[in-house]
Amino acid sequence: MTPTASDVAALTELLGREPRGAFEIVVRNESGAPVVIRNAPLLDDGTPMPTRYWLVDRVLGARVARIESAGGVRAAEAAVDPAELARAHDRYAAERDAALPVAYPGPRPHGGVGGTRRGVKCLHAHYAWHLAGGDDPVGRWVADRLSEEAGA
């Protein structure tokens, strides 16, 4: 994960601070700006980073926040198959954990999407993983809501 200096500058501007760990931009918009980053499982100081995929695009982030504020977390959790969601959490955690150094002795990230083991914690994290190609039923649900919003 070696971002360019311009990638670091773009992410610093989006976050309002310098990134605290290794990352790579895995989804860009049509102008090349970061949309989704994939974080290393550990920050530079060794702190576990459970959020592997992070939606950093401000416009999409605001749109997803509107869905969340209208009860989207509960609605998404009620709409998706709990077994399918559990499998998604397991896949997400397995991918993140596979990126840890071999025989890493320190504290490890936990949970699945957004750091939770079950249910839905953050629509942004699910949607970010979906945009990056993850098989996430909640991410698909968010994409459908955003499509409906755009078509309205």
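**View 1. An open sheet of three strands, in the order β1-β2-β3, with antiparallel pairing.** β1 and β3 stand at the edges with a single partner strand each, so one side of each has no neighbour in the sheet. On average, neighbouring strands of this sheet are turned by 30 degrees against each other, direction ignored. Strands (E, at least two residues) and helices (H or I, at least four) are DSSP runs numbered from the N terminus, and two strands pair if DSSP finds at least two bridges between them. The model is predicted: local features need pLDDT of at least 70 and side-chain atom pairs count only at pLDDT 80 or more, while totals for chains, interfaces and linings use all residues. Residues are numbered from 1 along each chain as its sequence is written, and side-chain values use heavy atoms, with hydrogens and water left out.

**View 2. The pairing of strand β1 (residues 21-28) with β2.** The two strands run antiparallel and are joined by six bridges. I25 has I37 in β2 as its bridge partner, and E24 stands opposite R38 of β2. β1 and β2 form a hairpin with five residues between them. In the turn, G32 has a positive phi of about 95 degrees.

**View 3. Strand β2 (residues 34-43) and its pairing with strand β3 (residues 53-55).** Ten of the ten residues of β2 are buried, so the strand is mostly covered; buried means under 20% relative accessible area, exposed over 50%, and partly exposed in between (1.4 Å probe, protein chains only). Three bridges join β2 to β3, and these strands run antiparallel. The bridge partner of V36 in β3 is L55.

**View 4. Helix α1 (residues 5-15) on the sheet.** Helix α1 lies across β1, β2 and β3. The helix runs at about 90 degrees to β1. Axes are lines fitted to C-alpha atoms, for helices over the stretch in contact, and angles run from 0 to 180 degrees between N-to-C directions.

**View 5. T47 in the loop between β2 and β3.** T47 is partly exposed, with a relative accessible area of 32%. Leaving aside neighbours within four places in sequence, T47 is in contact (heavy atoms within 4.5 Å) with P41 and L42. T47 and P107 lie 60 residues apart in sequence, with their C-alpha atoms 7.3 Å apart in space.

**View 6. The crossing of helix α5 (residues 123-131) and helix α6 (residues 137-151).** Two packed helices are described by the angle between their axes and the distance between the axes. Here the axes come within 7 Å and cross at roughly 95 degrees. That makes α5 roughly perpendicular to α6; angles under 35 degrees count as roughly parallel, over 145 as roughly antiparallel, 65 to 115 as roughly perpendicular and the rest as oblique. From α5, the contact is made by L123, H126, Y127 and H130; from α6, by V138, G139, R140, W141, V142, A143 and L146. These residues divide into seven nonpolar, three polar and one charged, where Ala, Val, Leu, Ile, Met, Phe, Trp, Tyr, Cys and Pro count as nonpolar, Asp, Glu, Lys and Arg as charged, and the others, Gly among them, as polar.

**View 7. The crossing of helix α2 (residues 58-69) and α6.** The axes of α2 and α6 come within 11 Å and cross at roughly 100 degrees. α2 is therefore roughly perpendicular to α6. L60, R63, V64, R66 and I67 of α2 meet W141, V142, R145, L146, E149 and A150 of α6 in the contact. The residues of this contact divide into seven nonpolar, no polar and four charged.

**View 8. H124 in helix α5.** H124 is buried, with a relative accessible area of 18%. Apart from neighbours within four places in sequence, H124 is in contact with L55, G61, V64, A65 and E68.

**View 9. The aromatic cluster of Y53, Y92 and W129, linked by ring pairs.** Rings of Phe, Tyr and Trp (its six-membered ring) pair if their centres lie within 6.5 Å; planes under 30 degrees apart count as stacked, over 60 as edge-to-face and the rest as tilted. By this rule there are two aromatic pairs. The ring centres of Y92 and W129 are 5.1 Å apart and the planes stand at 80 degrees, so this pair is edge-to-face. The pair links distant parts of the chain, with Y92 in helix α4 (residues 82-98) and W129 in helix α5, 37 residues apart. Y92 is buried at a relative accessible area of 0%, and W129 also counts as buried, at 4%.
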